[in-house]
Amino acid sequence: MTSTFPDISISTERLVLRALDEDDVPALTEMMNDEMVAAWTSIPQPFTEDGARDWITDYAPTERRAGRGLDLAVTEFLTQRLVGIIQLGRTNWRVRSTELSYIIAPWARGEGYASEAALATARWLFREQKFERIELRTAAGNTASQQVAQRIGCISEGVLRNACIARTRTEDGAWVDLRTDFIVWSLLPEDLDGIGEHLADTGGFTSFSDWN
């Protein structure tokens, strides 16, 4: 049985999920420097083009080949513009489980892209890769990400107390760490029954692992 992810592309009516490439560097850099991404994820700040290039050319391919995870660019089908990122991590091939994270660019929030991309990825994992469990972790105060989890059929399993480090701005503009709780969500193949292809949401950014 395979223990690594293929180099694939996933299409929906509005989106194409594909491997990151170097042409994504400027848009990826801009997206990762957004205030909300900085607040709710562990992405290094400020995020540089060198960091984006290292992610695309080194980190993402290495994680995929090692079977640990998969990083996908989420792009608009019509414009090919980068609207977000889907990341799979902490993959357990024996249990057939993985953790799903997502980030959506500020300009693309409110269009349902987070739910659409996450749902397409989940369906691919369950149908093509024969996974049995997908896990999401959202910071306790990150209601946008929690709404995405609910809309794709995830079930809240509980709270990991004080397990998340978010960030907040100080009066002088610096970022400081802020401890909070993680809400743990799960998605199983049967949870997708009755979930529609088109889902509205307010945007979203899950925990998103520290990639470097």
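Begin by selecting A73 and, opposite it in strand β4, I85; strands here are DSSP runs of E with at least two residues, helices are runs of H or I with at least four, and both are numbered from the N terminus. You are looking at a predicted model, in which local features need pLDDT of at least 70 and side-chain atom pairs count only at pLDDT 80 or more, while totals for chains, interfaces and linings use all residues. Residues are numbered from 1 along each chain as its sequence is written, and side-chain values use heavy atoms, with hydrogens and water left out.

Next, select β3 and β4 together, which run antiparallel and are joined by 6 bridges, where pairing requires that DSSP finds at least two bridges between two strands. In their hairpin, with 5 residues between the strands, find Q80, which takes a positive phi near 65°.

Then move to helix α5, residues 143–151, whose buried residues are A144, S145, Q146, V148 and A149. These pack against β5, α4, β6 and β8, with contact meaning heavy atoms within 4.5 Å. Just after α5, select G153, which takes a positive phi of about 100°.

Technical notes. Buried means under 20% relative accessible area, exposed over 50%, partly exposed in between (1.4 Å probe, protein chains only).
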